[in-house]
Amino acid sequence: MSEVITLAHGAGGKATAKLIDEVFITAFGAANPGELADAAVLATGARSAFTTDSYVVSPIRFPGGSIGDLAVNGTVNDLAVSGAIAQYLSAGFVIEEGLEMEELGAIVADMAAAAAAAGVRIVTGDTKVVPKGAADQLFINTAGLGTVPEGRELGATRAQPGDAVILSGPIAAHGMAVMLARGNLALEADIRTDSAPINHLVEALYQALDPGDVRWMRDPTRGGLATVANELAKGSGHAVLLEDEAIPVETAVRGACDMLGIDPLYVANEGRLVAVVADDAAQAAVSALQAAGAPQPGVIGQIRPGPEGVVAIRNAFGGTRLVDMLVGDPLPRIC
Amino acid sequence: MRFVDEYRDPQAAKELIVAIKRLSDRLGRKLRFMEVCGGHTHTIYRHGLEQLLPEAVEFVHGPGCPVCVIPMGRVDDALWLAAQPGVILTTFGDMMRVPGGHKASLLQAQAAGADVRFVYSPLDALKIARDNPDRQVVFFAVGFETTSPSTAVTVVQADRLGVENFSVFSNHVLIRPPLEAILGTGGLQLDGFIGPGHVATVVGSDHFRFIPAEHGLPIVITGFEPLDILQAVDMLLSQYRDGRCEVENQYARVVLPGGNPEALRLLGEVFTLRETFEWRGLGYIPLSGYGLAPRYQRFDAERRFQVPGRRQADHPACQCGLVLTGQLKPWECRVFGKGCTPEDPIGTCMVSPEGACAAYFNYGRLHREAAAAFA
């Protein structure tokens, strides 16, 4: 029988020590080599950004990713869109008794790979094992610490009428990949998550642009592009006009959304950057994102003076509609 | 994407809009067309079609949103079923948020511990029944002739496989009776119909001949992409220009005059017409709903369980009935956007994305002037 997580792995004794040593330290390395202390002692810059997020995705594996890379990318991206250079992550694991050790090892390996890709280190962590049924396989919390270089000031209030809204690539792949991976839709499509770190995209923007020309950034996760656009409109006191045709959606993703009656604007992404930049810096920003490997960067909209707080989208034949905040979970329509 | 992109082609849309404007100017009168289907309402608002058409063409939203026409008493019955020990209640996602009396919904019942699951097809519900032989699985069935054939197929299969722990709480309804009811309503000035494309795939375009023959109004059976709807408007205006009044089929790529004979045969085999059925906003309409035929009664949840058959008056402030019959625009309802929002709906029209109120609330609250600011 393959090795599984038991309550003993969370009891703080030998099994715990073995788990930490063999699974976590092996994958992440020790913050202060040779010593496992209660906290990692770190050298950070003067201006720091600090964030935390918990990951409870089900299933824990889906095409193109797992809860492991998600837990790293999500937190790295939250730091990145705050203008911070991500440095250190913590990782807290809540494991359901019975999870196979091999599965845990694979997820942890995904975390290590994602951390390496993003250039961050996982330096502290915690493990709890709960009885069967008290958690769904595995929950991960990560917190992230980064430094914010001088001159980086971001906020919706900095967005000015005429500024350009920029998006780094096709939307809605992550949410649809997970939905289909749940396997209860009788719908099969080759849709892979877009889970990826976007910190290098943010750095590329700052290298190409005057820092003051980068006004606002977001990583459109739960609630999708529509939700962050609404936060932008409400926070800026202006309107946001999006161009339907300029927002890329992969064909398979669009097909699945259409079939299920879901608007891709509201579907989660885990590796996309939305930014507001000064209008005259828009082309430079798109080129910089392109050069940094963004899959399909482009200008997708504009800040308009008003009506205050409104997000609208204009379609190819000139019709305009409102884009409101998402209400509840997106449930499919029936006919 | 094939079969979708060509119906969203911007150039073709622009040309159609110009043609519609020209025709509308030439006719020189206001024309009110009812789009029967909630799917049409959704497309109209989602693509901003209303602002693109001349003001002389007005859309009136009809009763064809299957979730919207379910009376609160039936939702209460479903909540009662979900609360029975050992029951797994399954239904389409849209039904999960529909409030019954006291504003309780299946989603809330689920959060409180009831086993409520949403499915994309009744066959999924049957599968849940086969996977859980020690539980009673009830499918809360809603919908017009679009969805009733899939329920029928499922019941036949349950019979064939002998899945005794499966039953159907049927709320299936027919498309013709509410249209007759609306056409019988005085004071509703209609000039034609954008006909229900999906229902027509089953019942056929000929099913709607009574509209020109008995009520003197044109109808165009219409698909659900923006170009479909624009083309239907053009066809309706052309009928006025030519002095014609008939059933036309814009959705010929899927709709046949006689519909789907196999589906119709199955409906006849599995279902029987109820003497009467309650519709939200329309009240009781004779011969408008499907119950299970005697041969399949052992799969009838209303017989298997002592369903209370609750009757629940609509919320006194709710004007869904007037919206569903096209007598009131969503924003004219006294609770629209105030007491009744998609987050906290009072009426069914605010729940389903195909409900006129939700479609208007989510997409449409940009009047011509505001939309012009974005042009």
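Me: What makes the largest nonpolar core a core, and which residues have the most contacts inside it?
Reply: A nonpolar core is a set of buried Ala, Val, Leu, Ile, Met, Phe, Trp, Tyr and Cys residues that are joined through C-beta atoms within 7 Å, and the largest such set here has 218 residues, with A:M176 and A:A275 having the most contacts inside it. The model is a predicted one, in which local features need pLDDT of at least 70 and side-chain atom pairs count only at pLDDT 80 or more, whereas totals for chains, interfaces and linings use all residues. Residues are numbered from 1 along each chain as its sequence is written, while chains are lettered from A and ligands numbered from 1 in the order in which they are written. In soluble globular proteins, nonpolar side chains tend to be buried together.

Me: Which residues does A:A275 touch, and what makes them contacts?
Reply: Two residues are in contact if their C-beta atoms, placed from the backbone, lie within 7 Å. Not counting residues up to four places away in sequence, A:A275 touches A:I166, A:L205, A:V214, A:W216, A:M217 and A:A285.

Me: Why is B:E50 called buried?
Reply: A residue is buried if 20 or more other C-beta atoms, placed from the backbone, lie within 10 Å of its own, exposed if 12 or fewer do, and partly exposed in between; B:E50 has 21 C-beta neighbours inside 10 Å and therefore counts as buried. B:E50 belongs to helix α3 (residues 49-52) of chain B, where helices (H or I, at least four residues) and strands (E, at least two) are DSSP runs numbered from the N terminus. Beyond its neighbours within four places in sequence, B:E50 is in contact with B:I44, B:F59 and B:G364.

Me: Why are β1 and β5 of chain A said to stand at the edges of their sheet?
Reply: The open sheet has 4 strands in the order β1-β6-β4-β5 (chain A), with mixed pairing, and two strands pair if DSSP finds at least two bridges between them. Since β1 (48-55) and β5 (121-130) of chain A each have a single partner strand, one side of each is left without a neighbour in the sheet. Neighbouring strands of this sheet are turned by 15 degrees against each other on average, direction ignored.

Me: What makes β7 and β8 of chain B a strand pair, and where do they stand in their sheet?
Reply: Strand β7 (residues 192-196) of chain B and strand β8 (residues 219-222) of chain B pair in the parallel sense over 4 bridges, and B:P196 stands opposite B:T222 in β8(B). They belong to an open sheet of 5 strands with parallel pairing, in the order β2-β1-β7-β8-β9 (chain B). Helix α2 (residues 38-46) of chain B lies across β1 (31-37), β2, β7 and β8 of chain B, at about 120 degrees to β1(B).

Me: What makes domain 1 and domain 2 of chain A separate units, and how many residues join them?
Reply: The bounds come from an automatic or database domain assignment, which gives domain 1 (7-147) and domain 2 (156-322) for chain A. Their C-alpha centres lie 28 Å apart, and 19 residues of domain 1 of chain A are in contact with 20 residues of domain 2 of chain A. On the domain 1 side, α2(A) gives the most, with 8 residues.

Me: How many residues on the side of chain A that touches chain B are called nonpolar, and why?
Reply: The contact takes 29 residues from chain A and 41 residues from chain B, and the residues on the chain A side divide into 13 nonpolar, 9 polar and 7 charged.

Note on methods: Nonpolar A, V, L, I, M, F, W, Y, C, P; charged D, E, K, R; others polar. Axes fitted to C-alpha atoms, helices over the stretch in contact; angles between N-to-C directions.
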